[in-house]
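This report describes how side chains are packed in the structure shown below. It begins with the aromatic residues and then turns to the core.

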Amino acid sequence: HTARSRMFILHSLEPLLKAVTPSKCAGPEFWGVYARWFKLQGELLSATECLLKQCRGLQTSKWQEDEAAFKAFGRASLDLCSAYREAAAASEGNTGAKELA
């Protein structure tokens, strides 16, 4: 795929993602996908917000009792930490680092 077709696909997904956001369908899996979309757009702070929502959504499940849910929560938590580090590194010297504090 060319860069142009990739950007076309990413741009085409935006209305769908925005339509799902306020609905009850926006569960933890959705927030993980939306975070990846924001990261591809270069919007790292928005990606971290989505990953935080994913972690919060997974906390409401029985993650402490179910091995698969525990692994999903752990993976999402690690993704969130990595995203915070990446966003902080990208915003060094900018005011964006203050937003992560």
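## Aromatic cluster

In this predicted model, a single aromatic cluster is formed by Phe30, Trp31, Tyr34, Trp37 and Phe38. Across the whole structure, the search finds 8 aromatic pairs. One of them joins Tyr34 and Phe38, whose ring centres are 4.6 Å apart; their planes meet at 35°, so this pair is tilted. Tyr34 and Phe38 are 4 residues apart in helix H2, about one turn of the helix, and both are buried.

Phe38 also pairs with Trp37: the ring centres lie 5.2 Å apart and the planes stand at 70°, over the 60-degree cut-off, so the pair is edge-to-face. Trp37, like Phe38, is buried.

## Nonpolar core

The largest nonpolar core comprises 20 residues, and Phe30, Trp31, Tyr34, Trp37, Phe38 and Cys50 have the most contacts inside it. At least two core residues come from each of helix H1 (3–20), helix H2 (28–41), helix H3 (44–59) and helix H4 (67–90). Helix H2 makes the greatest contribution, with 6 residues.

In soluble globular proteins, nonpolar side chains tend to be buried together.

Leaving aside residues up to four places away in sequence, Tyr34 touches Leu17, Lys18, Thr21 and Cys50.

Thr48 is located in helix H3. Its relative accessible area is 4%, under the 20% limit, so Thr48 counts as buried. With residues up to four places away in sequence again excluded, Thr48 is in contact with Leu80, Ala83, Tyr84 and Ala87.

Definitions and conventions
Residues are numbered from 1 along each chain as its sequence is written. This is a predicted model: local features need pLDDT of at least 70, side-chain atom pairs count only at pLDDT 80 or more; totals for chains, interfaces and linings use all residues. Side-chain values use heavy atoms; hydrogens and water are left out. A nonpolar core is a set of buried Ala, Val, Leu, Ile, Met, Phe, Trp, Tyr and Cys residues joined through side-chain atoms within 4.5 Å. Buried means under 20% relative accessible area, exposed over 50%, partly exposed in between (1.4 Å probe, protein chains only). Contact means heavy atoms within 4.5 Å. Rings of Phe, Tyr and Trp (its six-membered ring) pair if their centres lie within 6.5 Å; planes under 30 degrees apart count as stacked, over 60 as edge-to-face and the rest as tilted.
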